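I opened this notebook to get my bearings in a structure that is new to me. I wrote down each thing as I looked it up.

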Amino acid sequence: MLTVGPDPAVVERMLVDGLLRCPDCAGPLSRWGHVARRFVRTAPGAVQKIRLRRAICRLTDDRGCGRTHVLLPAFLLGRRLDVVEVIWSALRACVDGFGWRRLATLMDRPVSTVRGWVGRARVRAGMIRDRFTQLEHLLVAADGDDMTRVAPTGGGLGDAVAQIGVCLAALRRARPAVLSAMSVARAVAVLSGGWLLSTRAVRPVLPGLPT
Ligand SMILES: [Zn+2]
């Protein structure tokens, strides 16, 4: 899976021009059909069906691994029905002390759905924190700056969300154009590779680095 921009026409053009790279080996990706249509919930009661593009890293003489990747638009997380803006708001609110029922009411989503997001984020909190620490390190090291010390919040999810905030602040300083072009929630989706709430390991920032 690879997170890409939200505009399918732009993604198609990038694939044709060989501008999208394989997350496993950095070889150029080509079009390789679509996966089955899936639902996306943009607002309570508003469900769309979208078709996600699949791409292949072609095996050639000197490069390519032959793997296929589903291209996930930046407004989605892997295997989640709701757009990332809603899920990210729920995670932030949970850290701020909101309980399940209040969150579900605020988000206008079933309690079980909200509990699923938060539960998964809690299980993966250490992994998420480490991933965003790596990203912050890369961003500040490029400019010769020091990393920001994140004060412990007393909870794993709180620490992870705090580290994401610090990483986004570093991104805003180092690459201001990125966050002016997309919402904070979409930046979180992109930086996590779309796997924020999945059961898989968050992909290392650089091959060879631990997650
Ligand atoms: Zn590859």
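My entries below go from the domains to the helices and then to single residues.

**Entry 1: the model**

I noted at the start that this is a predicted model.

**Entry 2: domains**

I looked up the domain assignment of the protein chain. It gives domain 1 as 2–73 and domain 2 as 79–211. Next I checked the spacing. The C-alpha centres of domain 1 and domain 2 lie 22 Å apart. Eight residues from domain 1 and 10 residues from domain 2 make the contact.

Which strand gives the most to the side of domain 1 that touches domain 2? I found strand β3, residues 38–43, with four residues. I then sorted the residues on that side of domain 1 by class. Five are nonpolar, two are polar and one is charged.

I turned to helix pairs. I wanted two values for each, since two packed helices are described by the angle between their axes and the distance between the axes.

I took α2 (84–95) with helix α3 (residues 100–107). Their axes come within 10 Å and cross at roughly 150 degrees. An angle over 145 degrees counts as roughly antiparallel, so α2 is roughly antiparallel to α3. The crossing of α2 and α3 is right-handed.

I listed the residues that meet. From α2 they are V86, S89, A90, A93 and C94. From α3 they are L103, L106 and M107. Seven residues of this contact of α2 with α3 are nonpolar, one is polar and none is charged.

**Entry 3: helix α2 against α4**

I kept α2 and moved on to helix α4, residues 111–123. The axes of α2 and α4 come within 10 Å and cross at roughly 70 degrees. Angles from 65 to 115 degrees count as roughly perpendicular, so α2 is roughly perpendicular to α4. I noted a right-handed crossing for α2 and α4.

Which residues of α2 meet α4? I found I87, A90, L91 and C94. On α4, their partners are V114, W117, V118 and A121. By class, the contact of α2 with α4 has eight nonpolar residues, no polar and no charged. I saw A90 and C94 on the list of α2 residues that meet α3, and both names are on the list for α4 as well.

I noted a general point about helices here. An α-helix has 3.6 residues a turn, so residues three or four places apart point the same way.

**Entry 4: helix α3 against α4**

I then looked up α3 with α4. The axes of α3 and α4 come within 9 Å and cross at roughly 110 degrees. That makes α3 roughly perpendicular to α4.

W100, R101, L103, A104 and M107 are the residues from α3. They meet V111, V114 and R115 in α4. I counted classes for the contact of α3 with α4. Six residues are nonpolar, none is polar and two are charged.

**Entry 5: helix α8**

Is helix α8 largely enclosed or open? I checked its residues, 184–191. Six of the eight are buried, so α8 is largely enclosed by the rest of the structure. The buried ones are A185, R186, A187, V188, A189 and L191.

I asked what covers these buried residues of α8. The cover includes β1 (2–4), α2 (84–95), α5 (125–142), α6 (156–174) and α7 (176–181). Just after α8, I found G193 with a positive phi of about 70 degrees.

**Entry 6: R131**

I picked out R131, which is found in helix α5. Is R131 buried or exposed? I found 28 other C-beta atoms within 10 Å, and 20 or more count as buried, so R131 is buried. I also looked up R131 with S183. They are 52 residues apart along the chain, and their C-alpha atoms are separated by 20 Å.

I looked for residues other than glycine with a positive phi. A26 is one of them, with phi near 70 degrees. I placed A26 in the loop between α1 (8–16) and β2 (29–34). With 13 other C-beta atoms within 10 Å, A26 is partly exposed.

R79 lies in the loop between β6 (68–73) and α2. I found 15 C-beta neighbours inside 10 Å, so R79 counts as partly exposed.

Conventions
Residues are numbered from 1 along each chain as its sequence is written. This is a predicted model: local features need pLDDT of at least 70, side-chain atom pairs count only at pLDDT 80 or more; totals for chains, interfaces and linings use all residues. Domain bounds come from an automatic or database domain assignment. Two residues are in contact if their C-beta atoms, placed from the backbone, lie within 7 Å. Helices (H or I, at least four residues) and strands (E, at least two) are DSSP runs, numbered from the N terminus. Ala, Val, Leu, Ile, Met, Phe, Trp, Tyr, Cys and Pro count as nonpolar, Asp, Glu, Lys and Arg as charged, and the others, Gly among them, as polar. A residue is buried if 20 or more other C-beta atoms lie within 10 Å of its own, exposed if 12 or fewer, and partly exposed in between; C-beta atoms are placed from the backbone. Axes are lines fitted to C-alpha atoms, for helices over the stretch in contact, and angles run from 0 to 180 degrees between N-to-C directions. Angles under 35 degrees count as roughly parallel, over 145 as roughly antiparallel, 65 to 115 as roughly perpendicular and the rest as oblique. A crossing is left-handed if the near helix is turned anticlockwise from the far one by less than a right angle, and right-handed if clockwise.
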